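Here is a briefing on one protein model, grouped by topic. Please keep the structure open while you read.

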Amino acid sequence: MGANREVFSRKRVTFGVMLTEKQIQFYREQGYIGVENVFSPAEVADLRRVTDEFVEKSRSVTENNEMFDLEPSHSRDNPRVRRLIHPIKLHEVYRRTLEHPGLLDIVAQLVGPSIFCNGDKLNMKIGGVGSPVEWHQDWVFYPHTNDDLLAVGVAMDDATLENGCLLVLPGTHKGRILDHNQDGKFVGAITEPDFKPDGAVPIELKAGGISIHHVRTLHGSAPNLSPRPRRLLLLQYCAGDAWPLMAGDNYWETYATSMLRGMPTNQPRLANVPVRLPRPRFSETASKSIYQTQSNLKNRVYATPPAAAGARS
């Protein structure tokens with residue numbers, strides 16, 4: 001892993017600089033990249049302040065809802081949120097982050113000039129508590145007509161191996177789609193018995209940096225056993241001509257209003273990409289959060305930290 005981390009560190013870029021052709025090629029070949037200094041200290045401070053306000057609001061919540069996915073040990077006296085659901089709908093500071101010109105410039109280099117957003121969430125790993133995310137491919141949650149899709153993680157804190165930073169398996173975006181079903185039902189995590197995340201690379205970042213991973217890249221993250229928090233705002237970007245294979249009701253309106261650059265098109269681009277539909281699910285409510293979806297997983301790579309196993313009060 002040490003050699004891979006050294007290679008990764010040389011692929012970072014500095015504030016205000018577009019990706020070079022070499023860096024774009026690295027993303028094409030490896031399926032991930034890290035970019036430092038995309039957001040200023042003031043912008044990071046705004047994200048932290050607003051996020052702290054939402055965690056404070058969670059004191060009055062006793063179970064998961066449309067806004068909060070709570071750690072099992074959450075309580076009024078000790079609020080612990082592991083995910084803020086659809087943050088761009090909740091506060092302008094998250095919306096501004098999604099639409100950040102420097103960020104969109106980088107995304108455009110990787111998926112093309114026409115861009116829309118198909119999802120967002122804020123994952124929080126509290127020191128000593130933060131829940132892991134088991135290994136998976138985003139593609140199995142939302143396959144499209146082509147795979148020019150990626151996820152950007154905005155680091156609100158320094159992300160390190162010790163506090164549960166994002167881990168990826170380089171080059172897996174070019175391979176097959178692994179099985180994420182267990183007992184015939186979708187559980188949102190790899191269930192193949194011989195799977196091991198050997199060769200995993202950590203995307204370590206300073207606060208204000210971003211991780212980018214291709215929609216088919218295998219990734220996960222370990223629990224946060226350090227005393228330091230790791231908060232990551234995850235924003236999903238798609239090429240404007242990528243259409244979901246499982247579109248919901250009124251999809252055109254949803255798609256058109258989610259355009260960030262370019263114009264909507266009713267001519268999706270079709271590519272020869274492998275697909276596994278996320279069906280059937282254990283429950284539709286589980287689809288709101290990967291933590292809930294993965295809760296049925298029997299064979300885990302990561303154990304849940306003991307501090308996260310308490311009852312809510």
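Four strands make up an open sheet, ordered E5-E12-E7-E10, with antiparallel pairing. Its edge strands are E5 (133-136) and E10 (201-202), each of which pairs on one side only. The model is predicted: local features need pLDDT of at least 70, side-chain atom pairs count only at pLDDT 80 or more, and totals for chains, interfaces and linings use all residues. Residues are numbered from 1 along each chain as its sequence is written, and side-chain values use heavy atoms, with hydrogens and water left out.

**Strands and pairing**

- Strands (E, at least two residues) and helices (H or I, at least four) are DSSP runs, numbered from the N terminus.
- Two strands count as paired if DSSP finds at least two bridges between them.
- Strands of a sheet pair through backbone hydrogen bonds, either parallel or antiparallel.
- Strand E7 (residues 167-168) runs antiparallel to E10, and two bridges join them.
- Leu167 has Pro202 in E10 as its bridge partner.
- Strand E1 (residues 32-35) pairs with strand E11 (residues 210-214) in the antiparallel sense, over four bridges.
- Val35 has Ile210 in E11 as its bridge partner.
- E1 is covered on both faces: Tyr32 and Gly34 are buried on one side, Ile33 and Val35 on the other.
- Buried means under 20% relative accessible area, exposed over 50%, and partly exposed in between (1.4 Å probe, protein chains only).

**Helices**

- An α-helix has 3.6 residues a turn, so residues three or four places apart point the same way.
- Helix H2 (residues 21-30) has Gln23, Ile24, Phe26 and Tyr27 buried.
- These residues lie on the same side of H2, because they cover an arc of only 155 degrees around the axis. The arc is that of the directions from the helix axis to the C-beta atoms.
- Glu21 and Lys22, on the other side of H2, are exposed.
- In helix H5 (residues 101-111), the buried residues are Leu103, Leu104, Ile106, Val107, Ala108, Leu110 and Val111.
- Gly112 follows H5, and its phi is positive, near 105 degrees.

**Cavity**

- Rolling a probe the size of a water molecule over the atoms shows where empty space is left.
- How many cavities of 30 Å³ or more does a search of the whole structure find? The search finds one.
- A cavity here is a set of points, on a 1 Å grid over the protein atoms alone, where a 1.4 Å probe fits but cannot get out; lining residues have an atom within 4 Å of a point.
- The largest cavity has a volume of about 40 Å³. Volume is the space filled by probe spheres set on the points, and grid points are joined across faces, edges and corners.
- Its lining consists of Ala159, Cys165, Leu166, Ile203, Leu205, Ser211, Arg230 and Leu232.
- That lining divides into six nonpolar residues, one polar and one charged. Ala, Val, Leu, Ile, Met, Phe, Trp, Tyr, Cys and Pro count as nonpolar, Asp, Glu, Lys and Arg as charged, and the others, Gly among them, as polar.

**A buried arginine**

- Arg231 sits in strand E13 (residues 230-239).
- Arg231 is buried, at 13% relative accessible area.
- The Arg231 side chain makes a polar contact with the side chain of Asp52, at 3.1 Å.
- A polar contact is a pair of N or O atoms within 3.5 Å; within protein, one must be able to donate a hydrogen and the other to accept it, and residues adjacent in sequence count only if both atoms are side-chain atoms.

**Loops and backbone geometry**

- His86 is in the loop between strand E3 (81-85) and helix H4 (92-98). Its phi is positive, near 50 degrees, though the residue is not glycine. His86 is partly exposed, at 35% relative accessibility.
- Met67 is in the loop between helix H3 (41-57) and strand E2 (68-70). Met67 is partly exposed, at 26%.
- Met67 and His86 are 19 residues apart in sequence and 7.3 Å apart in space, C-alpha to C-alpha.
- Asp183 is in the loop between strand E8 (181-182) and strand E9 (185-186). Asp183 has a positive phi of about 55 degrees, although it is not a glycine. Asp183 is exposed, at 59%.
- Leu277 is in the loop between strand E14 (259-261) and helix H7 (290-293), and Pro280 is placed in the loop between E14 and H7.
- Arg279 and Pro280 are joined by a cis peptide bond, with omega about -10 degrees.

How values were computed. On a 1 Å grid over the protein atoms alone, a cavity is a set of points where a 1.4 Å probe fits but cannot get out, and a pocket is an open set with protein on both sides within 12 Å along at least five of seven lines; lining residues have an atom within 4 Å of a point.
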